[in-house]
Amino acid sequence: MVLAESVLSGSGVVLVAQGTVLSRALIEAIERKGIAQVFIEEEAACEWSAADLEAMQASVEGEVAARFRERPSGALMEAIARAALSVEARKRLKGGANR
Amino acid sequence: MEIERLVSREDASLRDIAAVIEKDPPTAAAVLRLANSSYYGLAQKVGSVTTALSVLGLHTVRGLVGMAAVVRAFAGATFTLVKPELLWLHSLGCAASARVLAGEAGRGMQEEAFMAGLLHDIGLIVLLEAAEEDMVRVKEALASGAFDSQAEAEREAIGFSHAEVGAALASRWHFPEPLVHAIRYHHSAQACEARARKNLPASVDPHRGMLGVFVFIADQLAKAMAMGDTVDPLVSPIPEGLWTLTGIPVEALGRVMEEADELYEDLVDSLVFSA
């Protein structure tokens with residue numbers, strides 16, 4: 001699936017999974033670019049597998065770990081580190097910018 | 001400013017406040033954008049400031065007016081230690097996280113938690129603008145590990161912390177006392193926990209000290225998820241005793257953080273990029 005980034009970079013074509021609700025930002029971007037046609041993909045090709053998620057988590061593990069002042073220890077801080085890793089990996093897989 | 005004075009008055013009606021806000025385009029635009037964001041999930045677009053105010057409520061409007069005052073005061077901000085827009089995103093991330101935490105805890109204070117998160121670093125903007133050289137030293141001291149707490153490093157370098165400056169501003173704007181307390185102690189887990197355990201009567205603090213607890217935790221969650229940037233971007237440990245006060249099981253953290261991130265992304269789209 002091609003998300004808002006492709007619209008903003010001016011590819012001229014938007015592909016979204018069927019049933020996807022377009023965000024206001026995306027609709028505005030489509031209008032701004034004067035895109036007349038939006039192609040709807042038949043299947044949800046945007047979904048990633050558990051293996052993709054695992055690989056992405058492994059690739060950003062060091063980056064997320066560096067956000068902590070101390071190595072996370074104890075059930076609470078370890079859970080926060082795991083959740084942060086999952087959020088970051090999903091964001092990267094979705095192609096969203098880390099802002 | 002007329003708006004700040006009016007919003008802080010207990011007897012001011014929504015109609016009076018709307019009339020003044022309508023004369024101030026940046027604040028009016030912020031009020032309308034927030035009311036129309038998917039955060040409030042309204043089926044129809046809100047076009048008038050009066051309707052937007054009734055959707056948002058006075059707590060939120062007070063916070064927005066305060067934030068607008070800070071943004072206006074530092075519209076020509078010259079500091080470069082942290083990009084002002086990233087500092088704003090950090091506040092937005094803290095606000096989203098605090099709101100989701102308060103909702104998950106079932107405390108019924110999501111709006112107050114959201115605004116406390118949004119405003120927790122207002123004093124930091126003041127210090128960055130007024131004493132950037134000192135703040136460079138603070139950042140270096142934190143990076144070298146000389147201090148674990150930004151507030152302590154600031155007291156050493158400047159004599160007071162951004163949390164204390166923020167609380168002074170919030171008092172001056174007549175923000176509710178629990179909000180002032182949350183801003184003052186958002187770097188002190190001990191003070192937040194002590195207040196929450198005091199079990200003050202609802203007449204003194206309707207939130208029973210939980211506002212500070214949510215903001216302290218939300219500040220760390222926003223840093224863990226790299227929402228924006230701040231002078232001390234590193235996540236500090238959250239004492240287990242503080243977390244216990246929320247009543248949220250640790251197992252729920254993954255879902256809580258995902259929800260906070262979704263809300264944050266949504267807010268960024270509606271509040272920042274449509275600005």
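Trainee: How does Glu177(B) count by relative accessibility: buried, partly exposed or exposed?
Mentor: Let's start with the scale: buried means under 20% relative accessible area, exposed over 50%, and partly exposed in between, with a 1.4 Å probe and protein chains only. Glu177(B) has 40% relative accessibility, so this residue counts as partly exposed.

Trainee: Before we go on, what kind of model is this?
Mentor: Residues are numbered from 1 along each chain as its sequence is written, chains are lettered from A and ligands numbered from 1 in the order in which they are written, and side-chain values use heavy atoms, with hydrogens and water left out. Local features need pLDDT of at least 70, side-chain atom pairs count only at pLDDT 80 or more, and totals for chains, interfaces and linings use all residues, as this is a predicted model.

Trainee: Which residue forms a salt bridge with Glu177(B)?
Mentor: A salt bridge here is a side-chain nitrogen of Lys or Arg within 4 Å of a carboxyl oxygen of Asp or Glu. For Glu177(B), in helix α11 (residues 177-184) of chain B, the partner lies 18 residues away in helix α12 (residues 189-198) of chain B; helices are DSSP runs (H or I, at least four residues), numbered from the N terminus. At 2.7 Å, N to O, the partner is Arg195(B).

Trainee: How many salt bridges are found over all chains?
Mentor: Side chains of opposite charge can pair when their charged atoms come close. Searching the whole structure gives a total of 14.

Trainee: What separates Arg92(A) and Glu88(A) in helix α4 of chain A?
Mentor: These two form a salt bridge, with their closest N and O atoms 2.9 Å apart. Arg92(A) is partly exposed at 28% relative accessibility, while Glu88(A) is buried at 1%. Because they are 4 residues apart in helix α4 (residues 74-94) of chain A, the separation is about one helical turn.

Trainee: Which chain A residue meets Asp261(B) in a salt bridge?
Mentor: Asp261(B) sits in helix α15 (residues 253-272) of chain B and its partner in helix α4 of chain A, so the pair joins two chains. Both partners are buried. With 2.9 Å from N to O, the partner of Asp261(B) is Lys91(A).

Trainee: How are α5(B) and α6(B) oriented to each other?
Mentor: Two packed helices are described by the angle between their axes and the distance between the axes. The axes of α5(B) and helix α6 (residues 110-119) of chain B come within 7 Å and cross at roughly 155 degrees; axes are lines fitted to C-alpha atoms over the stretch in contact, and angles run from 0 to 180 degrees between N-to-C directions. Angles under 35 degrees count as roughly parallel, over 145 as roughly antiparallel, 65 to 115 as roughly perpendicular and the rest as oblique. The two helices are therefore roughly antiparallel.

Trainee: And how are α5(B) and α13(B) oriented to each other?
Mentor: Helix α5 (residues 84-104) of chain B and helix α13 (residues 210-224) of chain B have axes that come within 8 Å and cross at roughly 125 degrees. These helices are therefore oblique.

Trainee: How far apart in space are Thr27(B) and Ile3(B)?
Mentor: Thr27(B) has its place in helix α3 (residues 25-36) of chain B, where it is buried with a relative accessible area of 1%. Thr27(B) and Ile3(B) are 24 residues apart in sequence, and their C-alpha to C-alpha distance is 9.5 Å.
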